[in-house]
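Please open the structure in your viewer and keep the selection tool at hand.

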Amino acid sequence: MSATHETLADTTISIPSNILRDYEVYCPECSQECCHPIGVNVDTAPALTSVTDCGTRVTQHHNPESFPHRGVRVVLAFLCEDGHFFDIVFQFHKGSTSCVVLRHPERDLKHNSDESCPPTIWRD
Ligand SMILES: [Zn+2]
């Protein structure tokens, strides 16, 4: 989830109605419904709280003045079962909250990858 601190306007698309429909999340790349939640980041500069399959950790940003955002940013990270990474990003600013999708094609898993199971935050 390294894209948390990127400028949203450069790399995002609005959430098309085909991503959130029928109360389920669909992959913005391949449209399949098998999307695993792999991380949650809550950025309250200078603190960043991350939840992954490895647990919860809180880190501090090295340079909080350089952030492009001024309010809390909540990032829900997903990996579809075809290997596409994407985030659903909620950004609060001046009383409003925007919601966009951020794709990460550079992190996509290749087909026939050794990664057989997405690192879902938790499953029983
Ligand atoms: Zn996909």
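A nonpolar core is a set of buried Ala, Val, Leu, Ile, Met, Phe, Trp, Tyr and Cys residues joined through C-beta atoms within 7 Å. The model on display is a predicted one.

**The core.** Begin by selecting Cys 27, Cys 35, Phe 78, Cys 80 and Phe 86; within the largest nonpolar core, which has 14 residues, these touch the most other members. Next, colour β7 (73-80), β8 (85-93) and β9 (96-103), the elements that each contribute two or more residues to this core. The largest share, 5 residues, is supplied by β7.

**Cys 27.** Now centre the view on Cys 27. Beyond its neighbours within four places in sequence, Cys 27 is in contact with Gln 32, Cys 35, Cys 80, Asp 82, His 84 and Phe 86.

**The hairpin.** Select β8 and β9 together: these strands run antiparallel and are joined by 8 bridges. Asp 87 can be found opposite Leu 102 of β9. Between the two strands of this hairpin lie 2 residues, and Lys 94 adopts a positive phi near 50 degrees.

**Phe 85.** Finally, select Phe 85, which belongs to strand β8. Is Phe 85 buried or exposed? Phe 85 counts as buried because 23 C-beta neighbours lie inside 10 Å, the threshold being 20 or more. Leaving aside neighbours within four places in sequence, the contacts of Phe 85 are Leu 79, His 104, Arg 107 and Asp 108.

Note on methods
Residues are numbered from 1 along each chain as its sequence is written. This is a predicted model: local features need pLDDT of at least 70, side-chain atom pairs count only at pLDDT 80 or more; totals for chains, interfaces and linings use all residues. A residue is buried if 20 or more other C-beta atoms lie within 10 Å of its own, exposed if 12 or fewer, and partly exposed in between; C-beta atoms are placed from the backbone. Helices (H or I, at least four residues) and strands (E, at least two) are DSSP runs, numbered from the N terminus. Two residues are in contact if their C-beta atoms, placed from the backbone, lie within 7 Å. Two strands pair if DSSP finds at least two bridges between them.
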